[in-house]
Structures are given as C-alpha cells and as structure tokens.
Amino acid sequence: MKIEIQLTDAPIAENISPPSPPGAHGAFLEFRGTVRAEENSQPIAALEYEAYTEMAGREIRRLLESLAERHPCLAARVIHRLGVVPAGAAAVYVGVTSLHRAEAIALIGEFLDRLKQDIPIWKRRPLPVAVAPTLKNNLPASRPHAAIYSLEEAMAEIRSRCQRLPAVRAPLAEAFGRVLCETICAPEDLPPFDRSARDGYAILTDDTAEYFQIVDTLHAADWKPRSLQPGQTVRVATGTALPCGGLRVVMQEHVERDGDRIRVLKQERVTNIRLRGEDVKAGQPLVQAGVRLNAGALALFATAGCTRPLVSPRPRVAHFTTGDELVPPHQTPGPGQIRDSNSSLIRELLQHTPCDLEQTHLSDDFDTAWRQLDPERLAHVDLILVSGGASVGVRDFTRPLLERLGFEIVFGQVNVRPGKPLIFGIDGMRAAFGLPGNPLSHFVCFHFAVARALARMTGEDPPAFLRALLAAELDDAPCPRETLWPARLEWNAGAPRLRPLAWASSGDLTCLPAANALIRVPANQGSLMAGIEVDFLPAAAMISP
Ligand code: AMP
Ligand code: MG
C-alpha cells in the first residue's frame with residue numbers, strides 16, 4: 001500500500017486529492033477529525049497538540065502497514081496538524097483509496113481507534129475561550145470539596161489522568177536517571193572483532209607443539225591480519241584483535257620465553273578468546289524501552305555508539321511553599337515562626353527524577369500570592385506542587401489557586417494517614433498537587449502520589465507496593481484511615497525486614513533520616529505483630545546502605 005504521512009503546523013486543506021490516481025481505485029474515503037469547542041465540559045478556543053514527529057511518523061506508518069495486511073487498500077494519506085488547532089478546524093485527516101469500499105472503511109475505522117493509544121501525539125492543553133476574570137479581593141468561588149478518595153482510587157486517578165510527556169533525544173552525559181523511550185538494539189556485534197582475553201601468545205587452535213617461533217608482536221590497538229603456520233606464534237595483549245581465525249591464546253604465565261622462541265609449559269582447554277558477537281549480536285536488544293537509565297546502561301550505550309538515546313524529558317516542576325509562619329532554614333525564627341523544611345524535602349526527593357525545578361515562596365494572602373505568579377510561564381510547566389494551604393483553614397487557598405490556573409480538581413482528600421488533605425488537579429498534560437504542609441504528610445504524599453505522577457509523565461512503571469516481614473511490632477491504635485507508616489527496610493539480618501519507626505504526628509520529621517519505606521496499614525487494623533508479612537511502598541533510595 002502506498003503511504004503518505006504529513007505532520008504539520010499548517011491548516012489541513014479543504015480539498016485534498018485521493019492518494020492514488022483516479023481510475024486505479026474503486027473507492028475513495030476521507031475522514032476529518034475536528035477540534036470540538038469543549039474539553040472536559042469547559043468551552044475552549046483551541047487545542048494544542050504536541051508530538052515527537054519522527055517517532056509519530058514512523059509509528060503511523062507501522063500501524064498503517066499492519067492494518068493493510070488485513071484490509072488491503074491501494075493507498076493511504078494521513079495528515080495530523082500539530083501546535084495550536086482552533087476549535088472547528090481539522091486536526092486529523094485520513095484519505096484512503098481501495099478497490100472496494102469495505103476495505104477502506106475497515107482500515108480507517110481501525111486506524112482511528114488505535115491512533116489515540118498507539119501514536120505519540122499528545123493533546124498538550126486546551127486554550128480557554130476567555131482570559132481569567134478580573135481579580136477580586138476575596139477568594140474566587142470554588143467547587144465544594146469532592147468526596148474523599150480511597151488510597152487505591154487516588155493512585156488509579158493519578159495513573160489514568162497524568163500523561164506521558166513527549167520524548168527527547170539526549171546526549172549520554174545528560175541521560176542518567178531518565179527513562180528510555182525506545183528499545184535500543186546493538187548496531188554491531190559486541191565485541192566487534194575476535195579479541196584476546198589474555199596477555200599471551202596466539203597459536204593455531206590444534207597446534208600442540210611445545211616450542212613456537214614468535215613471528216610478530218601485536219598491541220591492543222594493532223590491526224594486522226595475517227595467517228599463522230604450525231609452530232608459529234604471535235605475541236598479543238589483552239584486547240588485541242587476533243590476526244586470523246582458528247586461533248587460541250596461551251597465557252603468558254604458562255610460557256617460558258627465550259628470545260624469539262617460547263616453550264609452552266601447560267596446555268589449556270580454553271581458547272582465551274572473546275569472540276566477535278559473543279556479548280550480543282547486531283540487531284539484538286541491549287536495553288528495553290521503559291527502563292530508567294543507570295550508569296551501566298549508559299556505559300553499554302557508549303560501547304555500542306548509541307550517543308543520543310530517546311529518553312523522557314526533564315519535567316519542568318514549579319514548587320510553591322505557602323505559610324507566613326515560615327522562614328528560610330538559615331534564619332532564626334521569631335515567635336510563632338518555624339523554618340521551612342518542605343523546600344529541602346521536595347528538592348531532594350526530586351533528585352531521583354531528573355527535572356528542572358523552580359521553588360518560590362508565596363504569601364498567605366490570595367491576591368498577593370496570585371500577583372506573585374506568572375500564569376503564562378506556568379502554562380509551560382509540567383508539574384505544579386504547592387506545599388501547605390491544602391486543607392480547610394481560612395487562608396488555605398491551594399484549591400482555588402489551582403482552579404484559577406486552569407486545573408480541573410480531580411480530588412481534594414484522600415483517606416490516608418498522614419496526608420489526608422491532598423489535592424490533585426489536571427489540565428491537559430499539566431498536573432498539580434496541593435500537598436498538606438506537615439512535613440511527614442509531605443513525604444508520604446510525595447511517594448504515593450507525586451512519584452506516581454512523575455512515573456507516568458516519564459513513561460516508567462508506577463511505584464509498586466512490595467511485601468516483606470515486620471522486624472518488630474507496629475504498635476498503633478485502630479484508625480479509620482489507611483496508614484502509610486514510616487519504616488526502615490533493613491538488609492543486615494539476612495532476609496530484608498521492615499522496622500516501623502516512631503512518629504509523634506504528621507508534623508514530626510525526626511523519623512525521616514532513617515525512613516526508606518512506608519508500611520501500608522489497613523484501616524481499623526490497630527497493631528501489627530512482629531514477623532507477619534505486610535505491604536510496603538519503597539521510599540527514596542531504599543537499596544542504599
Ligand atoms: P497547612 O497545610 O498550610 O495548614 O500547614 C500545615 C502545617 O504544616 C502547619 O503547621 C505549617 O506550619 C506546616 N508547614 C507548612 N509548610 C511548611 C514548610 N514548608 N515547612 C515546614 N512546615 C510547614
Ligand atoms: Mg498554611
């Protein structure tokens with residue numbers, strides 16, 4: 001099937017000719033998908049589409065080719081408009097010609113079904129019809145807090161609402177910690193040629209003579225193809241390209257040398273050769289898409305010459321602290337004041353996900369805080385985090401603030417302890433969290449909610465609950481909420497065991513230096529005995545000693 005694909009910023013023309021010459025086909029079918037004037041029940045002026053065009057083009061072609069196997073058509077033309085597409089304008093065009101209409105109908109139908117899920121083209125954000133209303137001196141009207149979500153529901157919403165950000169190509173030096181967005185295959189055999197695994201003497205494989213004449217000396221970088229006769233040997237170093245096939249290397253330690261002759265003292269069965277392609281053959285996968293790149297993966301890419309892998313982008317994160325009682329850590333708090341710890345907590349927890357972070361302190365007065373913001377700039381941020389002000393206090397404005405920034409509030413409370421007043425908002429590709437200000441709640445919400453959103457945005461598997469035995473009793477009174485209890489997963493007792501840590505309240509961060517896990521205590525459970533198996537969520541840097 002002839003295929004033509006255009007990914008373009010230009011409007012899609014009104015009249016487009018069939019993709020194969022008239023007369024060749026019996027049927028010519030066209031589909032145009034236009035942008036609706038409404039998104040999530042809100043009127044919109046336009047939708048912004050983004051794509052990784054090279055990959056999207058490749059995937060569209062692959063999809064059409066696979067569909068054509070079942071629905072043979074003559075030709076297909078797909079046009080997808082990118083960038084800002086006004087409501088009413090076409091965003092997608094598909095034109096197909098075939099001998100009979102049934103094939104074209106089936107191919108277009110299936111193509112459209114799979115376009116959304118399989119092709120990396122994203123709705124970046126809807127553009128609102130009107131600009132924000134003029135500011136009043138009081139808080140803008142806000143919808144009542146929605147019903148409380150269970151932990152499971154909250155995690156499922158985050159997973160389904162957050163979207164993957166467009167992948168980018170990055171040099172190796174900037175790829176550490178990013179998620180690989182393509183499966184990288186070996187472009188060549190590794191090792192690329194037969195190499196000596198030892199410092200020693202290369203001889204013919206079946207030459208069992210005792211004495212050999214040294215006919216050449218090769219260093220690691222030498223490339224000197226030549227043949228060997230029985231009784232001849234070539235001096236080689238570890239890593240030297242062997243001069244011909246059918247050789248083995250006798251270790252230097254098993255040889256007695258006398259001028260340009262050697263005597264083999266010990267015959268070995270092994271060849272001491274690293275054969276071309278024995279690590280991996282050209283075309284075989286080296287690292288699968290979805291893997292977070294570590295030092296080893298990047299070293300492997302370096303070996304294979306894959307110097308610009310397609311990886312998740314660095315999410316742009318804006319973190320706002322709220323609370324007039326806060327002073328920076330280096331300042332001595334006055335009466336009624338405390339030091340800001342959440343900025344440090346967020347900054348360091350985000351180290352796990354390479355991102356571009358900006359941190360700003362906002363006034364507790366809504367209008368002043370709003371003036372401190374730059375909504376235009378925030379439109380290009382992928383994740384907004386607001387510390388504090390997430391609850392029901394008179395100055396708690398996170399929810400209306402996020403709404404005014406264009407976010408739909410998905411939930412405003414989660415039935416979890418600590419961390420109940422957690423707000424989650426979504427706006428196209430942008431996600432936002434209003435995190436309860438108490439530092440321990442912050443830590444907990446980061447791990448079950450923010451880390452989950454980041455995993456979705458970067459294309460990683462979401463953090464999963466694991467199981468382990470309790471090293472000691474978890475002593476607690478029954479609580480109607482599920483609890484994520486700070487704990488330390490210890491490795492020194494043979495099998496890993498979870499040790500629950502003591503905490504006085506959601507404001508108590510004294511347990512956090514030791515915490516590397518959160519035990520999931522079911523609602524109304526009360527204490528858990530030592531030795532039983534429990535679910536836990538790994539927290540930052542769990543495996544480090
Ligand atoms: P809020 O969610 O604003 O009601 O804050 C709840 C509690 O967390 C209050 O005691 C705040 O003082 C405290 N808090 C809020 N933000 C921070 C922060 N950045 N660092 C330390 N404590 C905070
Ligand atoms: Mg506050």
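First, the ground rules. Because the model is predicted, local features need pLDDT of at least 70 and side-chain atom pairs count only at pLDDT 80 or more, while totals for chains, interfaces and linings use all residues. Residues are numbered from 1 along each chain as its sequence is written, chains are lettered from A and ligands numbered from 1 in the order in which they are written, and side-chain values use heavy atoms, with hydrogens and water left out.

Let me start with the cis bonds. Leu190 and Pro191 are joined by a cis peptide bond, with omega near -10 degrees. Pro191 sits in the loop between β10 (184-185) and β11 (195-196). Strands here are DSSP runs of E, at least two residues, numbered from the N terminus. The other case is Arg417 to Pro418, also cis, where omega is about -15 degrees. Pro418 belongs to the loop between β27 (416-417) and β28 (423-427).

Now the backbone at two asparagines. Asn272 is not a glycine, yet its phi is positive, near 55 degrees. You will find Asn272 in the loop between β17 (261-264) and β18 (273-274). Asn524, likewise not a glycine, has a positive phi of about 60 degrees, and its loop runs between β33 (517-521) and β34 (533-538).

Are these asparagines buried or exposed? Asn272 is buried, at 9% relative accessible area, whereas Asn524 is exposed, at 53%. Buried means under 20% relative accessible area, exposed over 50%, and partly exposed in between, using a 1.4 Å probe and protein chains only.

Terms used
Helices (H or I, at least four residues) and strands (E, at least two) are DSSP runs, numbered from the N terminus.
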